[in-house]
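Dear colleague,

I am handing over the structure we spoke about, and my notes on it follow below.

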Amino acid sequence: MAGRLDVFFEGRAVEAPSGSFRDHFEPYGVHVYGTAPLPPPAYRLPDAGNDAGALPKWVRQNRLYDGGAAWIWDAETRNTPSSRAWMMREFSLDGEVKSAILRISADDTADVWLNGVKLGKSGSFTRMASFRELPLQAGVNCLAVDAADGGVLPCGILADLELVLADGTVRHIVSDTEWRSAPSAPQDWTQLQPEWFSRPTAVVAPYGGGAWGNQTRIDD
């Protein structure tokens, strides 16, 4: 090992004329030495501000949610074990949507509908189901969920619809008290009527609070 050793990541080197050398270490400090260049990284991290889609799949699937959604439920049954909640959120779109993704988590389960089309189901409060094939339309859109508690409180859904518009603007439709709740199950989820959803929703806990904490991960 006699010769000159590079100290990686520090832009310096140390001399080791007889195969040994001295160096300074701060408490808990670590230096990495070598004579050969480091291999290239297995992947390059995206530049700041780039879409997380550039990250490897295993990284995307282990990111903690950090958005502005809250855990919500029907205001009248939020403290009732084994309750159901039929909730909807209307929103309008005026321009072209470049890309969209809906992320939703439920405690305990939720069937998800958009404009009368069933997208699928969420069945975990630790991982958000993701939906990219979304039947969005110009004008008024209706996002709705049929949610059920499994018998142990708390109950809630956490939803975040991310819309990237043609001009690059990012818009989020999140679960909050703008959502409305129905007193009973709609008879036809493909033809929802806003007047059915006559009851308010309530925030059970902001994301990061309550029994859920900040352990919900994104499953993209």
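In what follows, buried means under 20% relative accessible area, exposed over 50%, and partly exposed in between, with a 1.4 Å probe and protein chains only. This is a predicted model, in which local features need pLDDT of at least 70 and side-chain atom pairs count only at pLDDT 80 or more, while totals for chains, interfaces and linings use all residues. Residues are numbered from 1 along each chain as its sequence is written, and side-chain values use heavy atoms, with hydrogens and water left out.

Aromatic pairs are rings of Phe, Tyr and Trp (its six-membered ring) with centres within 6.5 Å, where planes under 30 degrees apart count as stacked, over 60 as edge-to-face and the rest as tilted. By this rule there are 5 aromatic pairs. In one of them, the rings of tyrosine 65 and tyrosine 207 have centres 5.1 Å apart and planes at 80 degrees, so the pair is edge-to-face. Strands here are DSSP runs (E, at least two residues), numbered from the N terminus; tyrosine 65 sits in the loop between β4 (63-64) and β5 (70-74), and tyrosine 207, 142 residues apart from it, in the loop between β15 (199-206) and β16 (217-218). Tyrosine 65 is buried, with a relative accessible area of 5%, and tyrosine 207 is buried at 16%.

The rings of tryptophan 71 and tryptophan 212 have centres 4.2 Å apart and planes at 15 degrees, so this pair is stacked. Tryptophan 71 lies in strand β5 and tryptophan 212 in the loop between β15 and β16, 141 residues apart, and both are buried.

Best regards

Methods: Helices (H or I, at least four residues) and strands (E, at least two) are DSSP runs, numbered from the N terminus.
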